[in-house]
Amino acid sequence: MIQSSSSLHNLVQSVRLGSLSQLGAFLCYSSQAASSLQQVDKPLPYCADGEGEFANVDWDNLGFGIMPTDYMFTMRCSKDGCFEQGQLTRYGNIELSPSAGVLNYGQGLYEGTKAYRKEDGRLLLFRPDQNAIRMKMGADRLCMPCPSIDQFVDAVKGVALANKRWVPPPGKGTLYIRPLLMGSGPVLGLAPAPEYTFLTYASPVGNYFKEGSAPLNLYIEEEFHRASRGGAGGVKSITNYAPVLKAIARAKSRGFSDVLYLDSVNKRYLEEVSSCNIFIVKGNVICTPAANGTILQGVTRRSVIEIAHDHGYQVEERAISVDELMDADEVFCTGTAVGVAPVGSIKYQDRRVEYKIRVESVAQELYSTLEGIKRGLIEDKKGWIIEI
């Protein structure tokens with residue numbers, strides 16, 4: 001039983017990763033208690049009927065934007081490169097030195113994963129260990145120490161559990177969880193920062209694109225390039241994203257959903273979309289650009305490839321020319337934020353190609369299987385799901 005608002009606040013402030021079960025026992029309180037941390041007579045279970053189960057959100061009109069939740073997780077590394085035990089704190093601003101490595105030299109990485117709510121109220125996570133592995137690869141590329149896979153996954157679990165009332169009802173959205181790793185220590189000369197902070201926060205979200213589940217309209221960019229060989233295009237560095245904002249803004253002002261980038265050498269092979277990977281379908285063959293260091297190795301991308309194999313499709317990871325794209329039977333994009341999104345049209349130079357969107361499309365087939373596994377509607381035979 002929660003005796004007072006201060007006892008709950010102190011508990012969450014001091015929770016260590018090793019006591020998530022204790023946190024779970026104390027996080028059964030009503031929406032009023034969650035928002036104001038006022039005293040309550042007795043805890044209410046999250047899965048009980050009534051208003052105590054969810055935050056006060058218009059779940060039917062949930063977009064993809066930041067909606068501050070209750071708690072976030074922070075952890076800092078010591079001088080020997082090892083991360084100390086982290087803690088959950090109330091969601092809020094953080095303090096950084098003006099000379100922090102992340103502010104001056106862009107020494108930062110981020111990941112994105114989601115928590116899903118089942119009909120019975122239980123929470124599911126989809127392959128967070130793969131996000132942890134990708135962060136470790138990126139940290140190595142940017143000369144940063146990194147939390148272990150277990151530390152990463154436990155942080156994601158803790159944030160999902162602490163913010164359970166913000167996880168949308170089934171079919172209404174997901175809780176997007178954003179782990180960040182940054183050089184928080186002060187540095188003036190160009191060098192790795194002397195201190196690092198791992199931070200994880202969350203926000204309930206709906207569809208990433210304003211079109212919702214409608215087919216995307218992509219514009220092939222020729223002036224700007226997302227990445228080049230030998231660069232950091234293959235890791236989820238924060239420095240990969242600001243440079244594409246100009247191209248995205250220009251495309252959206254012309255009525256397109258997003259930008260599809262070409263390779264910077266030949267300017268004729270597909271790379272990826274600003275926020276997701278791309279696939280093309282021709283007959284029974286599904287192709288996607290090879291992860292050769294210039295595109296992000298998406299967790300959803302990898303999962304879709306495995307599912308496609310299971311469904312009997314031939315999957316090829318290789319260079320794909322624009323001509324192949326324009327001649328494809330079907331095109332779709334994949335990503336944590338976008339899921340599996342069909343492409344309705346693509347414009348390249350003076351040519352615009354429209355793709356027939358069928359009810360029984362390959363994209364829909366793969367989407368249904370992937371989402372079914374994520375939401376616990378289809379048996380997980382691959383060990384992808386972590387239940388909290």
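Predicted model: local features only at pLDDT ≥ 70, side-chain atom pairs only at ≥ 80, totals over all residues.
1. Met 75 stands opposite Phe 198 in strand S7. Strand S1, residues 71–76, pairs with S7, residues 196–205, in the antiparallel sense, and four bridges connect the two. S1 is also joined to strand S2, residues 87–90, by four bridges, again with antiparallel strands. S1 is mostly covered, five of its six residues being buried.

2. Nine of its ten residues are buried, so S6 is largely enclosed by the rest of the structure. S6 pairs with S7 in the antiparallel sense over ten bridges, and in this pairing Leu 175 stands opposite Pro 204 of S7. S7 therefore has two antiparallel partners described here, S1 with four bridges and S6 with ten.

3. Two further strands pair with S6. Strand S3, residues 108–110, runs antiparallel to S6 and is joined to it by three bridges; Leu 109 has Leu 181 of S6 as its bridge partner. Strand S4, residues 113–117, pairs with S6 in the antiparallel sense, also over three bridges. In that case the bridge partner of Lys 114 is Tyr 176 in S6.

4. As to the chain as a whole, ten helices and 17 strands are assigned. Of its 388 residues, 53% count as buried. Among contacts with a separation of 6 or more, 70% are made by residues 24 or more positions apart. The chain exposes about 17500 Å², and carbon and sulfur atoms supply 49% of that area.

5. The buried residues of H6 include Phe 152, Val 153, Val 156, Val 159 and Leu 161. Gly 158 and the alanines Ala 155, Ala 160 and Ala 162 are buried in H6 as well.

6. Helix H5, residues 128–141, contains Met 137, and Asn 131 also lies in H5. Is Asn 131 buried or exposed? With a relative accessible area of 2%, Asn 131 is buried. Leaving aside residues up to four places away in sequence, Asn 131 touches Glu 111, Gly 112, Thr 113, Phe 126, Phe 152 and Val 299. Of these, Phe 152 is one of the buried residues of H6, and Thr 113 falls within the range of S4, residues 113–117.

7. Together with Ile 133 and Ile 149, Met 137 makes a nonpolar surface patch of about 220 Å².

8. The structure holds 20 salt bridges. One of them joins the side chains of Asp 60 and Lys 172, at 2.4 Å from N to O. Asp 60 lies in the loop between helix H3 (31–36) and S1, and Lys 172 in the loop between H6 and S6, so the pair ties together parts that are 112 residues apart in sequence. Asp 60 is exposed, with a relative accessible area of 57%, while Lys 172 is partly exposed at 36%.

9. A second salt bridge is formed by the side chains of Asp 120 and Arg 122, at 2.6 Å from N to O. Both residues have intermediate accessibility: Asp 120 is partly exposed, with a relative accessible area of 39%, and Arg 122 counts as partly exposed at 32%.

10. Asp 310 forms a salt bridge with Lys 382, the closest N and O atoms being 2.8 Å apart. This pair links distant parts of the chain, 72 residues apart: Asp 310 is in helix H8, residues 299–310, and Lys 382 is in the loop between helix H10 (362–374) and strand S17 (385–387). Asp 310 counts as exposed at 51% relative accessibility, whereas Lys 382, at 33%, counts as partly exposed. Which residues are linked with Asp 310 and Lys 382 in a network of salt bridges? Arg 127 and Glu 306 are the other members of that network.

Definitions and conventions:
Residues numbered from 1 in each chain as written. Heavy atoms only, no water. Patch = residues over 30% accessible without salt bridge, like charges linked within 9 Å, V, L, I, M, F, W, Y side chains within 5 Å. Areas by Shrake-Rupley, 256 points an atom, 1.4 Å probe, with all protein chains shown as cover. Salt bridge = Lys/Arg side-chain N within 4 Å of Asp/Glu carboxyl O. Buried < 20%, exposed > 50% of the residue type's maximum accessible area, 1.4 Å probe, protein only. Pairing = 2+ DSSP bridges. Contact = heavy atoms within 4.5 Å.
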